[in-house]
Amino acid sequence: MKTDKLATIAVRAGINTDQHHGAVVPAMHLSTTYSLKGFKEKRDFDYSRTGNPTRANLAEVIAELEGGSRGIITSTGMSALHLICQILSSNDTLVIPHDCYGGSYRLFTHLAERGQFKLIVIDQNNADELAGALALKPKLILLESPSNPLLRLVDIKAICAKSKQAGALVAVDNTFLSPFLQKPLSLGADIVIHSTTKFINGHSDVVGGAVVTKDDSLGEELAWWANCIGITGSAFDSFMTLRGIKTLPIRLRQHQENTDKVVAYLKAHPAVEAIYYPGLEDHLGHEIAKAQQMGFGSMLSFEIKGGDEAVTKLFANIELFTLAQSLGGVESLISHPSSMTHAGMAIEAQIAAGIKQNLIRLSVGIEDVEDILADLDNALAASQRV
Ligand SMILES: *Cc1c(COP(=O)(O)O)cnc(C)c1O
């Protein structure tokens, strides 16, 4: 049955397509190689780096959820970001946001240093900086909205329109929201990128990536490169991710329901100095979030009173939240951007980027929200004790 309902697409991916045994859930195809039907007679698949039925299933469902024509499954989110660089030659310009994911920043700056392309790093919310960058006729502009860890947003539709006029392709890293909460292709983007490690798999047990293109020929070109370089995702990871993706909409519903309560709780807490969450009316990107997202997500960060000592006490007393990087899994995670995800940045650079020492990031999980709140309550109280 043809449908445009995302929850149905996610659950039904590959279901009941087995022609041999009637297996409801398609088998995982671990074979590296596939026989020819006969001499010079090809089948759909020949070698698993190039194509694999399990991976193809995942590629198809992610492309469909994003409303794209072609999906490519890569070994990691970083290899998905590396893959899109293949369309750039040494004279082409790539524009990235100054507050993009740290791994992306590292990748693009180091490739640019080697002369693989020209790189411009800007604040994409600054109209002058954006106009200046687009005047240089870049080939590709990468957006990331919301950003990490301050949940800054950019107006995807507006930037896509301006980029199109300048002849630039737009790629959006949609990792923080997933296609259930934001669909960049429908806002004018050409490419969507995911670290499927996060919400799409959602169980913190697979590292993977995906690239989805609106245009079939661009997808064809990138799929060619993915095989050429050898960065396609494994069958096992694809199988696991297919399993995870089925529950993405209901996971997100619970993630967001819990997050609403966490935000309301933190907002009323005297030890909390600031909260960064797009669902808050006083958040800088709130209006953009309402316009371009189908939900506010389950990532947030906040600052607490009491300096380093309070931060240390909070982390010493948090129990349910696990102190770890990453995000988007069913379990609640807590992290300290300054010493963890953004430790590669000098303190001055962190401060310039708005990342203070007392900033704490949460990836709110789907545990019972009363336990989540009790844990925060206990740790926050401990953080303020003298
Ligand atoms: C985690 C992450 C990546 C990198 O993905 P990996 O799967 O860790 O390689 C890229 N972009 C964003 C926004 C991320 O959160």
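Predicted model: local features only at pLDDT ≥ 70, side-chain atom pairs only at ≥ 80, totals over all residues.
**Strand β4 and its partners**

- What does β4 (residues 140-144) pair with over five bridges? That partner is β5 (residues 169-173), and the two strands run in the parallel sense.
- Two of the residue pairs between these strands can be picked out by name: L142 has A171 of β5 as its bridge partner, and L143 has V172.
- β2 also joins β4, again in parallel, this time through two bridges. Here V95 stands opposite I141 of β4.
- How many of β4's five residues are buried? The count is five of five, so the strand is mostly covered in the sense used here, with buried meaning under 20% relative accessible area.
- Side chains in a regular strand alternate between the two faces of the sheet. In β4, L140, L142 and E144 point one way, while I141 and L143 point the other way, and all of them are buried.

**The ligand and its surroundings**

- Which residues come closest to the ligand? Out of 14 residues that surround it, the closest are M78, D173, S195, T197 and K198.
- Helix α3 (residues 77-84) supplies the largest share of that shell, with three residues.
- From the backbone, an N or O atom of G77 lies 2.9 Å from a ligand oxygen.
- From the side chains, T197 has an N or O atom 2.7 Å from an oxygen of the ligand, and K198 has one at 2.8 Å.
- How much of the ligand's accessible area does the protein cover? Taken on its own the ligand has 380 Å² of accessible area, and the protein covers 92% of that.

**A buried glutamate, E303**

- Look for E303 in strand β9 (residues 299-304).
- Is E303 buried or exposed? With a relative accessible area of 2%, E303 is buried, because the cut-off for that is under 20%.
- The E303 side chain makes a polar contact with the side chain of Y276, at 2.7 Å.
- Leaving aside residues up to four places away in sequence, E303 touches A271, V272, E273, A274, Y276, K356, N358 and L359. So Y276 turns up both in this set and as the polar partner, because its side chain pairs with that of E303.

- Most peptide bonds are trans, and most residues other than glycine have a negative phi. A few spots in this model go against that pattern, as follows.
- S145 and P146 are joined by a cis peptide bond, with omega about 0 degrees. P146 is in the loop between β4 and α6 (156-165).
- The bond from N148 to P149 is cis too, with omega near 0 degrees. P149 is likewise in the loop between β4 and α6.
- K137 has a positive phi, near 50 degrees, and isn't a glycine. Its place is the loop between α5 and β4. Is K137 buried or exposed? K137 is exposed, because its relative accessible area of 55% is over the 50% cut-off.
- S204 also has a positive phi without being a glycine, at about 50 degrees. You'll find S204 in the loop between β6 (191-195) and β7 (209-213). With 41% relative accessibility, S204 counts as partly exposed, because that value falls between the 20% and 50% limits.

Definitions and conventions
Residues numbered from 1 in each chain as written. Heavy atoms only, no water. Pairing = 2+ DSSP bridges. Helix = DSSP H or I, 4+ residues; strand = E, 2+ residues; numbered from the N terminus. Buried < 20%, exposed > 50% of the residue type's maximum accessible area, 1.4 Å probe, protein only. Polar contact = N/O pair within 3.5 Å; in protein donor to acceptor, adjacent residues only side chain to side chain. Contact = heavy atoms within 4.5 Å. Near = heavy atom within 4 Å. Areas by Shrake-Rupley, 256 points an atom, 1.4 Å probe, with all protein chains shown as cover.
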